[in-house]
Amino acid sequence: LGTDDEIAEIKTDVHNGRTLVIFKDSYGNAMIPFLIEGFEEVYVVDYRKFNCNVLEFIEENGITDVSLNLAAFSVASSARDNILRLTEL
């Protein structure tokens, strides 16, 4: 994507009724091209900037699939607090 926006929305030509949200850090950008081909719509969320309730976001946007694309050290470092925050909002 070339950016780490809070939320980017991608609409594709696929027609299968599936919507994906990808929670990622900058390392997750490399996986996005491989994931979008199987979904009508994809939301790419930089979890470090995301300040919404995850469950509400999923429900409001009709999300059918969720992917976490994070660097391994993100989960094991102080960045894990940002990940945990997503489940507490």
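Let me start with T19, which, leaving aside neighbours within four places in sequence, is in contact with F39, E41, Y43, N61, G62, I63, T64 and D65. Contact here means heavy atoms within 4.5 Å. T19 sits in strand 2. At 8% relative accessibility, T19 counts as buried. The cut-offs are these: buried is under 20% relative accessible area, exposed is over 50%, and partly exposed is in between, with a 1.4 Å probe and protein chains only.

Before going on, a word on the model. It is a predicted model, where local features need pLDDT of at least 70 and side-chain atom pairs count only at pLDDT 80 or more, while totals for chains, interfaces and linings use all residues. Residues are numbered from 1 along each chain as its sequence is written, and side-chain values use heavy atoms, with hydrogens and water left out.

Now the chain as a whole. It has four helices and four strands. These are DSSP runs numbered from the N terminus, with helices being H or I of at least four residues and strands being E of at least two. Along the sequence the pattern reads β-β-α-β-α-β-α-α. Of the 89 residues, 35% count as buried. The chain exposes about 5,300 Å², and carbon and sulfur atoms supply 53% of that; the areas come from the Shrake-Rupley method with a 1.4 Å probe, and for residues only the protein chains shown count as cover. Among contacts with a separation of 6 or more, 66% are between residues 24 or more positions apart.

Next, the sheet. Strands of a sheet pair through backbone hydrogen bonds, either parallel or antiparallel. In this model four strands form an open sheet in the order 1-3-2-4, with mixed pairing. Two strands are taken to pair if DSSP finds at least two bridges between them. Which strands stand at the edges? They are strand 1, residues 7-11, and strand 4, residues 65-69; each has a single partner strand, so one side of each is left without a neighbour in the sheet. From one strand to the next, the twist averages 15°. For that angle, axes are lines fitted to C-alpha atoms, for helices over the stretch in contact, and angles run from 0 to 180 degrees between N-to-C directions.

Strand 2, residues 19-24, and strand 3, residues 41-46, pair in the parallel sense over six bridges. Within strand 3, Y43 is the residue that stands opposite V21.

A pair of aromatic rings is described by the distance of the centres and the angle of the planes. Rings of Phe, Tyr and Trp (its six-membered ring) pair if their centres lie within 6.5 Å; planes under 30 degrees apart count as stacked, over 60 as edge-to-face, and the rest as tilted. The structure holds three such pairs. One of them is F23 with F50, edge-to-face, at 5.8 Å centre to centre and 70° between the planes. F23 lies in strand 2 and F50 in the loop between strand 3 and helix 2 (54-60), so this pair ties together parts that are 27 residues apart in sequence. Are these two buried or exposed? F23 is buried at 3% relative accessibility, and F50 is buried at 0%. F50 also forms an edge-to-face pair with F57, at 5.4 Å centre to centre and 85° between the planes. F57 counts as buried too, at 8%. Ring pairs link F23, Y43, F50 and F57 into a cluster.

Last, the salt bridges. The rule asks for a side-chain nitrogen of Lys or Arg within 4 Å of a carboxyl oxygen of Asp or Glu. By it, the count comes to four. D65, one of the contacts of T19, forms a salt bridge with R18, the closest N and O atoms being 3.0 Å apart. That pair links distant parts of the chain, with D65 in strand 4 and R18 in the loop between strand 1 and strand 2, 47 residues apart. R18 is partly exposed, at 34%.

D46 and R48 meet in another salt bridge, at 2.6 Å from N to O. Here D46 is buried, at 0% relative accessibility, whereas R48 is partly exposed, at 37%.

Then K11 and E9, whose closest N and O atoms are 3.5 Å apart. K11 is exposed at 63%, and E9 is partly exposed at 43%. With E41, these two are linked in a network of salt bridges.
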